[in-house]
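Open the structure in your viewer and keep the selection tool handy.

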Amino acid sequence: MLLNMNSISTVKVITMVSMLLCCPINAHAFSNCFSFIPYANNNSFIQLPADKNFCFHYSKKKIHFTTDEFGGRKVGSVNYGDEIIAFGESQLLGLDFSDKEKVAKHDLSVLFPSSRITIYAAPNNGPLQAIEQISEIYRLKPFTGKNLVIGFNYGTDIFRIDPDWKPEKFVPLDMSQLQRSFDIPGYHDVALFIARLKGVKFGSTVSDADAIRKYYKSIGQMQRNRNIQGWLLSLQKSEVNNAQELHLVLYPPYWFIGASQKTKKEISLDYMSLACKAHLSGIFNTVYVSPLPKENTKLAEDNRHFLSGEMIFQKY
């Protein structure tokens with residue numbers, strides 16, 4: 001009897017789940033690197049696992065992360081100086097930067113070389129979700145008088161500031177699944193496999209630049225401006241007002257590479273317009289802007305992230 005693709009997928013899932021059921025639950029079951037960075041949706045924002053030391057494969061490297069009790073990534077070895085608390089998504093997080101890196105530096109370590117840095121960020125954690133995370137972290141660990149950084153990745157966040165954006169379409173796990181990924185050997189890969197069967201979009205390495213540029217144009221300038229103003233207003237009303245200083249780190253869109261000259265000119269105007277709006281809002285003490293990438297700018301293996309240290313930031 002011939003099986004259709006859905007039947008084959010179901011058989012694979014049953015087989016993999018059966019294998020898991022044969023494995024004893026172990027709080028320290030994870031001994032090798034995850035095949036994909038572990039993160040989850042907690043229904044308010046996207047976060048990394050809390051209070052963990054873990055490893056995952058990314059761009060042909062083993063990446064090591066250490067997180068605090070709230071899922072914040074600790075970057076660098078500086079144990080003194082001012083503390084920088086940053087909020088954003090995967091580009092700010094630095095997926096290709098490992099705790100064991102001895103040569104390259106994280107972008108925030110370059111901008112704030114004498115500061116202790118904690119980054120509350122995760123893949124697909126959009127700017128509106130970051131505001132929810134800011135509120136939660138402030139409740140648990142008030143940052144009154146400390147310096148804050150907000151990361152904005154124009155290549156993805158310009159879409160995520162739409163109030164109708166649904167992060168769950170791009171996040172494969174919930175919090176209970178994230179915990180089981182550390183407790184049960186092999187569970188993480190099975191959960192990711194099932195999420196892909198359900199249509200959750202994550203982890204692709206195929207360039208989507210052409211499609212993203214078309215989608216960007218379809219939104220229209222008026223809608224983008226409304227979304228930008230809405231995000232800035234929400235940020236202005238948030239707990240960032242309790243910070244001593246607030247900085248914005250603006251990353252350019254990866255899909256600028258390969259665009260036509262006409263399209264590049266339009267994107268350039270839009271990109272710098274956002275920097276201008278952020279500066280004029282009066283919210284930020286400093287707006288750091290990375291110039292738009294060149295055709296030979298290096299991207300990570302997933303074709304969506306700039307490598308740590310690849311971009312140079314300037315004060316707007």
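Start by selecting R213 and I257: a polar atom of the R213 side chain lies 3.2 Å from the backbone oxygen of I257. That is a polar contact, a pair of N or O atoms within 3.5 Å, where within protein one must be able to donate a hydrogen and the other to accept it, and residues adjacent in sequence count only if both atoms are side-chain atoms.

Before you move on, note that this is a predicted model, in which local features need pLDDT of at least 70 and side-chain atom pairs count only at pLDDT 80 or more, while totals for chains, interfaces and linings use all residues. Residues are numbered from 1 along each chain as its sequence is written, and side-chain values use heavy atoms, with hydrogens and water left out.

Stay with R213, which sits in helix α8 (residues 209-219). Helices here are DSSP runs of H or I with at least four residues, strands are runs of E with at least two, and both are numbered from the N terminus. Is R213 buried or exposed? Its relative accessible area is 11%, so R213 is buried. Buried means under 20% relative accessible area, exposed over 50%, and partly exposed in between (1.4 Å probe, protein chains only). Leaving aside residues up to four places away in sequence, R213 touches W255, I257, G258, A259 and T263; contact means heavy atoms within 4.5 Å.

Next, select I119 in strand β7 (residues 116-121). I119 is buried, with a relative accessible area of 0%. Among the residues it touches are G71, A86, L93 and H106.

Now show C33 and C55, which are joined by a disulfide with an S to S distance of 1.6 Å. A disulfide is a pair of cysteine sulfur atoms within 2.5 Å, and the whole structure holds 1. C33 is in the loop between α1 (5-21) and β1 (40-41), while C55 is in strand β3 (residues 53-58), 22 residues apart. Both C33 and C55 are buried.

For the last stop, colour helix α4 (residues 127-140) and helix α9 (residues 221-236), which pack at an angle of about 5° with axes 10 Å apart. The two helices are therefore roughly parallel to each other, a label for angles under 35 degrees. Look for P127, L128, I131 and I134 of α4 against W231, S234 and L235 of α9.

Terms used. Axes are lines fitted to C-alpha atoms, for helices over the stretch in contact, and angles run from 0 to 180 degrees between N-to-C directions. Angles under 35 degrees count as roughly parallel, over 145 as roughly antiparallel, 65 to 115 as roughly perpendicular and the rest as oblique.
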